[in-house]
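Please read the following report alongside the sequence and the coordinates.

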Amino acid sequence: RFCCNMRGCSPICDRSVANKILNAPMNTIWCSNEHIIRRTLLLAVSAVLPGVLLPPSLVHRTAAASVDIQSDTPLPARTYQLVDDQFSYQLNYPADWKATSKPVRTHLSEALFQSPMKGVSLGITIDPVKIASLEQFGTAEQVAQRVLAVEENRDGVFSVELRGVTAQSGQPSYYTIEYQVESSRGKKVYLCKYCIAKRRLYVLQAQAGLDSWANADVRSELQSAVDSFNVMSIGD
C-alpha cells in the first residue's frame with residue numbers, strides 16, 4: 001500500500017452513468033446536469049479521484065531493479081514502474097510521486113499518484129463497457145469535442161481550449177487529448193490517454209495548473225508518464 005493526501009478533487013460518476021454515455025448514439029445531446037463529473041473520456045470516466053485503493057495485483061518496481069516488460073529496456077533514472085497483473089497494464093512515473101488511497105472504490109480499478117508539487121497528479125480508472133474498441137465510439141476528434149462540451153457546461157468554467165489530439169492505431173489503439181480549462185478555481189491543463197481492451201475502458205489522466213505546466217520539467221514528467229502507459233490485454 002502507498003498513501004498520501006489529495007485535495008481539491010472532483011466527484012466522479014458511477015458505472016451506470018459511464019455505460020449510458022458510452023453506449024449512446026453519436027448524435028445524442030447531453031444536458032449539463034447529466035455531467036456531474038469532469039475531464040472524462042466520452043463524458044463518463046474521471047481519472048482525478050479523491051484517493052484510491054491500490055489492488056493487490058499491483059507490482060511496484062524501482063528503476064534500479066526493473067526492466068520494461070515488453071522492450072527489456074532499463075527504466076529511466078529516478079523512475080518507478082507500476083504493473084497491474086490483474087488488469088494488464090503498466091505505467092512509469094517519477095520516483096518521488098506518492099500514491100493516494102480512499103476507503104470506497106467507485107470504479108472496477110483505480111490508481112492515483114500525486115506529485116510533490118501541488119496540483120500536479122495523474123490517475124488511472126478502469127470500467128467495463130459494451131463496446132470493444134475506441135473506434136466503435138468515434139474518432140479521437142469526436143471524443144475530444146465531447147470532452148470539451150462537458151467542461152463548457154460546468155458551473156464556474158469560463159473557457160475551454162483544445163490543445164491537441166492524437167490517435168495511435170494498434171491492438172489496442174489509444175486516443176490522447178490535451179486541453180486547457182479556465183474556471184473559478186484557476187487555469188489547468190489536462191493530458192488524457194484512453195484505451196478500450198477486452199471491453200474495459202482504461203483512462204489515464206494527468207493534470208497540472210497552467211503555471212506548473214509551463215515548467216519544462218513538470219511537463220516532461222507528465223508527458224513521459226502518459227507515453228509509458230501501456231495496456232497489454234487485447235481482444236474481446
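Arg-163 is partly exposed, with a relative accessible area of 34%, where buried means under 20% relative accessible area, exposed means over 50%, and partly exposed lies in between (1.4 Å probe, protein chains only). This is a predicted model, in which local features need pLDDT of at least 70 and side-chain atom pairs count only at pLDDT 80 or more, whereas totals for chains, interfaces and linings use all residues. Residues are numbered from 1 along each chain as its sequence is written, and side-chain values use heavy atoms, with hydrogens and water left out.

Arg-163 forms a salt bridge with Glu-178, and the closest N and O atoms of the pair are 2.7 Å apart. Since Arg-163 lies in strand S9 and Glu-178 in strand S10, the pair ties together parts that are 15 residues apart in sequence. Glu-178, for its part, is buried, with a relative accessible area of 15%. The structure holds one salt bridge, the term being used for a side-chain nitrogen of Lys or Arg within 4 Å of a carboxyl oxygen of Asp or Glu. Side chains of opposite charge can pair when their charged atoms come close.

## Backbone geometry in the loops

Most residues other than glycine have a negative phi, and most peptide bonds are trans. A cis peptide bond, with omega of about 5 degrees, joins Gln-171 and Pro-172, and Pro-172 lies in the loop between strand S9 (157–168) and strand S10 (174–183). Positive phi values are found at the following residues, neither of which is a glycine.

| Residue | Phi | Loop between |
|---|---|---|
| Ser-88 | about 60 degrees | strand S4 (79–84) and strand S5 (89–94) |
| Lys-198 | about 50 degrees | strand S11 (186–197) and strand S12 (200–209) |

Lys-198 is partly exposed, with a relative accessible area of 42%.

## The protein as a whole

There are four helices and 13 strands in the protein, taken as DSSP runs numbered from the N terminus, with helices (H or I) of at least four residues and strands (E) of at least two. Of the 236 residues in the protein, 53% are buried. Among the contacts with a separation of 6 or more, 60% are between residues 24 or more positions apart, a contact meaning heavy atoms within 4.5 Å. The accessible surface comes to about 10,600 Å², of which 50% belongs to carbon and sulfur atoms, the areas being computed by the Shrake-Rupley method with a 1.4 Å probe.
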